[in-house]
Amino acid sequence: MGNVYKAVKVSEHVYWVGAIDWGIRDFHGYTTKHGSTYNAYLILADKITLIDTVRAPFREELLSRIASVVNPKDIEYIVSDHAEMDHSGSLSRIIEEVKPEKVFASVMGTKALKEHFGLGGILPLKSADTLSLGNLELTFMETRMLHWPDSMFSYLKEDRLLFSQDAFGMHLASAERFADTIDTAVLDYEAATYYANILMPYSPQILKLLEDVKKSGLDIRIVAPDHGPLWRRKINAIMESYAQWARQSPSNKAIVLYDTMWHSTELMARAIEEGLVAGGARVKVMSMHSSHRSDAAYEILDAGALVAGSPTLNNNIFPTMADVLTYLKGLRPQNLIGAAFGSYGWSGESPQQIGDMLAEMKVNQVAEPLKVKYVPDGDDLKRCVVLGRNVAKKLKEVVKHG
Ligand code: FEO
């Protein structure tokens with residue numbers, strides 16, 4: 001491919017040699033509206049070391065960027081911080097082509113790489129292990145379940161640089177490599193969307209990890225994640241955002257998710273919205289006909305209430321509502337109150353099914369599921385307004401008592 005693609009210098013000894021995926025729009029169910037990057041890093045030490053690789057189709061871009069600073073065959077060590085395919089997909093081919101002296105991963109990483117790709121001979125690293133690169137030294141910290149069992153941080157002492165794999169990253173394709181050169185509003189939105197869709201289920205582990213990083217006393221001047229821009233400023237701010245998201249403290253915000261067949265459930269959603277607003281809640285209403293599940297995940301990150309409604313279709317929840325609730329359940333949002341609702345024509349199972357799904361998500365429901373037959377009349381809509389008011393009232397109490 002020639003050296004069309006160039007490496008970007010990150011610190012005294014480190015170059016970014018990743019790939020930019022401007023076109024990706026679906027990342028295992030998460031809509032990546034603004035693409036992504038797969039970051040890999042080259043450390044120019046006595047032992048030239050590659051940290052992570054890229055998705056398989058981007059191998060040539062990785063090699064081209066490496067070749068802009070060194071002959072790829074001069075790489076002696078490869079460290080795999082994370083075995084998911086977006087970082088390990090090209091590892092086997094890179095090992096074949098580069099023939100490194102040694103390849104390293106966490107203990108769980110060695111197993112994952114063996115099971116995924118049949119890669120043997122990978123050397124295991126544990127938390128606090130160090131690896132001499134000759135003139136430089138890497139230290140490792142296992143970050144199990146952040147967000148895979150194999151996940152690991154690597155820290156380059158001399159450059160005070162933390163390779164944080166998926167943590168502190170975002171799905172954002174950009175020509176800029178550093179967060180301080182990108183609009184803050186874009187960073188805030190993309191970092192929160194990424195957290196909600198990838199890391200939210202592991203919030204308790206994240207709180208512990210942040211404590212561990214603090215206790216470690218590591219002097220971190222650059223955070224180099226595996227997606228999106230690198231942080232060389234506002235490192236405390238992104239870590240504090242993670243702490244805030246991980247705590248999942250309820251806020252005075254309610255989200256109303258619904259879909260509708262003939263607008264009856266929509267009328268109910270809008271009346272519930274009126275009740276929520278009248279009760280003093282901040283409200284976001286999302287039709288799942290026109291919203292994506294990952295946008296709902298973003299909105300739930302700082303919400304205190306989830307109100308979900310669906311018509312009954314063939315004795316079941318409408319497919320879009322089953323989709324979003326299944327997805328949100330997997331993300332394990334905490335500390336939510338809520339309610340279920342929906343219109344129906346004959347049997348009307350859906351509101352109870354929604355209520356059951358909310359119960360599985362440990363959403364504390366303020367009322368029995370609200371059902372309306374056919375088109376809601378004035379009295380029905382009043383009941384919806386009352387439901388919204390009741391959710392808002394309970395939400396205020398919850399927020400007040402923390
Ligand atoms: Fe970016 Fe968990 O892979």
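Predicted model: local features only at pLDDT ≥ 70, side-chain atom pairs only at ≥ 80, totals over all residues.
Residues are numbered from 1 along each chain as its sequence is written, and side-chain values use heavy atoms, with hydrogens and water left out.

Trainee: Why is Asp-380 called buried?

Mentor: Buried means under 20% relative accessible area, with a 1.4 Å probe and protein chains only, and because Asp-380 has 13% relative accessibility, it counts as buried.

Trainee: Which residues does Asp-380 touch, not counting residues up to four places away in sequence?

Mentor: Asp-380 touches Val-372 and Val-375, where contact means heavy atoms within 4.5 Å.

Trainee: What makes a space a cavity?

Mentor: On a 1 Å grid over the protein atoms alone, a cavity is a set of points where a 1.4 Å probe fits but cannot get out, and lining residues have an atom within 4 Å of a point.

Trainee: How many nonpolar, polar and charged residues line the largest cavity?

Mentor: Ala, Val, Leu, Ile, Met, Phe, Trp, Tyr, Cys and Pro count as nonpolar, Asp, Glu, Lys and Arg as charged, and the others, Gly among them, as polar. The lining of the largest cavity, which includes Leu-146, Phe-168 and Tyr-242, therefore divides into eight nonpolar, no polar and no charged residues.

How values were computed
Buried < 20%, exposed > 50% of the residue type's maximum accessible area, 1.4 Å probe, protein only. 1 Å grid on protein atoms, 1.4 Å probe; cavity = no way out; pocket = protein on both sides within 12 Å on 5 of 7 lines; lining within 4 Å.
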